[in-house]
Amino acid sequence: MNFFQSIGHSSLKFLAKLGRSSLFFSAILTGFGYTLSRPGLLIKQLYNIGVLTFWLIAISGLFVGMVLGLQGVYTLSTFGAESSLGIMVAASLVRELGPVVSALLFAGRAGSALTAEIGLMKATEQLSAMEMMAIDPLKYIIAPRFFAGFISLPLLAALFSAIGILGGYLAGVELLNVDSGSYWSQMQGAIDFHDDIINGVIKSIIFAWLVSWIALFEGYDAVPTASGISRATTRTVVTSAFAILLFDFLLTALMFGAS
Amino acid sequence: MLLFYDLIFLCYTMISIRNLTFSRGNRKIFDNISLDIMPHKITAIMGPSGTGKTTLLKLIAGQLRPDSGTLLVDQKNVHHLSRTELYKLRKKMGMLFQSGALLTDMSVYDNIAFPIREHTQLPESMIRTLVLMKLNAVGLRGARDLMPSELSGGMARRVAMARALALDPEMIMFDEPFTGQDPISLGVLVKLIKTLNQTLHLSSIVVSHNVVETASIADYIYLISEGKVAGQGTPEELNTTKSDWVQQFMQGKADGPVPFHYPAQDINSDLLSNNAKL
């Protein structure tokens, strides 16, 4: 009996949270106009969320690309197809690894920071104080951060893929002597702008929405104590990771499954 | 002159709370309480820790909703207002949070300028004048360039007071202004609350359990305990009241109607019982 009770209890809790987060999201959307009217707030958050995550994304992208290059040559050479390395590296990065890995890194770097920041503002009553000054914290604090995250991640994912392709070039062409011309020309011939690149961009836009939403909501909904904030920060990273991977599967099935 | 003011403003109350009930989970924080806050007076709300004094301020500010009852601020029912109307009303209210709640990524100056910048289109030069005047009123004009993390607890509260005054409110609510202060900053805060209330014709609500300091400046005191108004009156009336509970609270006696011991079984049987957890 207790088992069923706890299932019911946690489902109700989950649904209530889903409801709260939906209301939260619609409140963010109404803050869009405000964010546009205050570009200074948005730019500051673009720096905090986007620019400060750049090096993490760039270095990770380089190494992921290099590993792809090495493994790609190793596997493809058993079929004598090293010249297709460019297609393999670019397709894996642009379709999957670019959006997914950069979103996971983004959740760890920027998402957790957002949750902790908002949670701490809640714990120190800064959000309440703003409400008392008749300034809506959802507009002033949350909305600029959301749109900054929403803009940053797709750009970071694009950078991740671009740097990854260079990494693949370094490992495959410079290190393992795959022909440079075939690396680029095969890639150019096989990678389709709509099927590969646009679909990858759509993925990263959806991940950007998911991660920014989860991170800000967990912060806003956090129990305003030290342990509450630490749990919320953990939940941001865990929930984001689950959401990213689940949506990646669904989107891949939709985009590439039918063909 | 004072009588003239009193006559006019006694005609209405600043805040009037009627039959208000509020509960958290199964616990009733307020059980059918009624109280009035008079304009241009300092009204103190006192009671033991955990009686929901801060909750009452949040109810007045419309941050929380009561289960039942009405709460009129300036003749308007706070919980029936639309969001825009509520925000408009809040511009007339200042609130001083216990922690100060200063925005940590802005300097003292910007913290006070923040509500003025958000709500008015005043030029920066005029904002500067206003901010410096508010800071001067709390004696911290020289601290304008410090960050909130560099302030002592008492200074943070004074900055928060200046910020609460930034929009020239009609009423101001102080949440535990005296807790955790050294004697000097305590004296400063007591004096500030009193003089600001007089010079700016504010209606002040002070929530506190520091009896001596609060009673020295309050015009009227409500004592709240277990969700009910346990006593009310001017400080003099409360000091001479016959209620044992009020006497215990006002004089800080360790034992009385509020027992020293948390409810437990008799000590002899407790010590002799063989229920030791091994």
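Predicted model: local features only at pLDDT ≥ 70, side-chain atom pairs only at ≥ 80, totals over all residues.
Leu72(B) stands opposite Asn77(B), which sits in strand β5(B).

**The four-stranded sheet**

Leu72(B) and Asn77(B) face each other where β4 (residues 68–73) of chain B meets β5(B), two strands that run antiparallel and are joined by two bridges. Zoom out and you get an open sheet of four strands, ordered β2-β1-β4-β5 in chain B, with antiparallel pairing. Its edges are β2 (27–37) and β5 (76–77) of chain B; each has a single partner strand, so one side of each lacks a neighbour in the sheet.

**The six-stranded sheet**

Chain B also has an open sheet of six strands, and here the pairing is mixed. The order goes β6-β7-β8-β3-β9-β10, with β6 and β10 (228–233) of chain B as the edge strands, each pairing on one side only. From one strand to the next, the twist averages 15°.

Within this sheet, β7 and β8 of chain B pair in the parallel sense over five bridges. Phe174(B) has Val206(B), in β8(B), as its bridge partner. Then there's helix α7 (residues 183–199) of chain B, which lies across β3 (42–46), β7 and β8 of chain B and runs at about 160° to β8(B).

| Strand pair | Sense | Bridges |
|---|---|---|
| β4(B) (residues 68–73) and β5(B) | antiparallel | two |
| β7(B) (residues 171–175) and β8(B) (residues 203–208) | parallel | five |

**A helix in chain A**

Over in chain A, how far apart are the end C-alpha atoms of helix α3 (residues 39–50)? They are 15 Å apart, which agrees with the 16 Å that 12 residues should span at 1.5 Å a residue.

The buried residues of α3(A) are Gln45(A), Leu46(A) and Ile49(A). Looking down the axis of α3(A), its buried residues fall within an arc of 110°, so they line one face of the helix. They pack against α5 (85–123) and α7 (137–175) of chain A. Gly40(A), Ile43(A) and Tyr47(A), on the other side of α3(A), are exposed.

**Where the chains meet**

The contact takes 10 residues from chain A and 14 residues from chain B. On the chain B side, the elements giving two or more residues are α3 (83–90), β6 (93–96) and α4 (108–119) of chain B. The largest share of that side, three residues, comes from α4(B). By type, the chain B side divides into eight nonpolar, three polar and three charged residues. One of its contributors, β6(B), is also an edge strand of the six-stranded sheet.

Technical notes:
Residues numbered from 1 in each chain as written. Chains lettered and ligands numbered in written order. Contact = placed C-beta atoms within 7 Å. Nonpolar A, V, L, I, M, F, W, Y, C, P; charged D, E, K, R; others polar. Pairing = 2+ DSSP bridges. Axes fitted to C-alpha atoms, helices over the stretch in contact; angles between N-to-C directions. Expected span 1.5 Å × (residues − 1). Buried ≥ 20, exposed ≤ 12 C-beta atoms within 10 Å, placed from the backbone. Arc of directions from axis to C-beta.
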